[in-house]
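Dear colleague,

Please find below the structure that I am handing over to you. My findings follow it, together with the terms needed to read them.

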Amino acid sequence: MTAGRDPGLQPERTRLAWRRTALALTVVTALAVRLGSTGDPTGALIAGATVMVWGAVLVLCWPRATGTGPARTGGRTLPLVALATVGLALLGVLLVVRRLW
């Protein structure tokens, strides 16, 4: 008798981690949109770029966050999401430092 693989709670932890990533990126995107709504052209450019990165990350994260399967990027998902997360985290720090919270 061959025992099947018992993943335990690992799939649920993975889904929750991807959802937390998407939520954190959503908060930073909301702050960037708030910055863009002040009428400053630089803020509008940052907000637009942030919304595009946010959308791309959600497209990449959604299959993993919902448990419907791996992302369809051939193994490039983690580096892309990590890069986007670091970039948007730095933007979030910048927004907080500039007291735009």
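The expected span of a helix is taken as 1.5 Å times one less than its number of residues. Helices (H or I, at least four residues) and strands (E, at least two) are DSSP runs, numbered from the N terminus. Please note that this is a predicted model, in which local features need pLDDT of at least 70 and side-chain atom pairs count only at pLDDT 80 or more, while totals for chains, interfaces and linings use all residues. Residues are numbered from 1 along each chain as its sequence is written, and side-chain values use heavy atoms, with hydrogens and water left out.

Overall architecture

The chain has 3 helices and 0 strands, and its pattern along the sequence is α-α-α. Of its 101 residues, 26% count as buried; here buried means under 20% relative accessible area, exposed over 50%, and partly exposed in between, with a 1.4 Å probe and protein chains only. Contact means heavy atoms within 4.5 Å. Among contacts between residues at least 6 apart in sequence, 61% join residues at least 24 apart.

Helix 1

The 27 residues of helix 1 should span 39 Å at 1.5 Å a residue, and the end C-alpha atoms are 39 Å apart, which agrees. Its buried residues are Trp18, Ala22, Leu25, Val28, Thr29, Leu31, Ala32, Leu35 and Gly36. These buried residues pack against helix 2 and helix 3.

Helix 2

Helix 2 covers residues 41-66, and its 26 residues reach 36 Å from the first C-alpha to the last, close to the expected 38 Å. At leucine 60 the helix bends by about 40 degrees, and proline 63 follows within four residues; the bend at a residue is the angle between axes fitted to the seven residues ending there and the seven starting there. Leucine 60 is itself buried, with a relative accessible area of 16%. After helix 2 comes glycine 67, whose phi is positive, near 80 degrees.

The buried residues of helix 2 include Gly43, Ala47 and Thr50, and its buried residues pack against helix 1 (10-36) and helix 3 (77-97). Threonine 50 has a relative accessible area of 3% and is therefore buried. Beyond its neighbours within four places in sequence, threonine 50 is in contact with Val28, Thr29, Ala32, Leu88 and Leu91. Alanine 56, by contrast, counts as partly exposed, at 39% relative accessibility. Alanine 56 and alanine 84 are 28 residues apart in sequence, with their C-alpha atoms 9.2 Å apart.

How helix 2 meets helix 3

Helix 2 and helix 3 pack at an angle of about 145 degrees, with axes 10 Å apart. Axes are lines fitted to C-alpha atoms, for helices over the stretch in contact, and angles run from 0 to 180 degrees between N-to-C directions. From helix 2, the contact is made by Ile46, Thr50, Val53, Val57, Leu60, Cys61 and Arg64, and from helix 3 by Thr77, Leu78, Leu80, Val81, Ala84, Leu88 and Leu91. By class, this contact has 11 nonpolar, 2 polar and 1 charged residues; Ala, Val, Leu, Ile, Met, Phe, Trp, Tyr, Cys and Pro count as nonpolar, Asp, Glu, Lys and Arg as charged, and the others, Gly among them, as polar.

Yours sincerely
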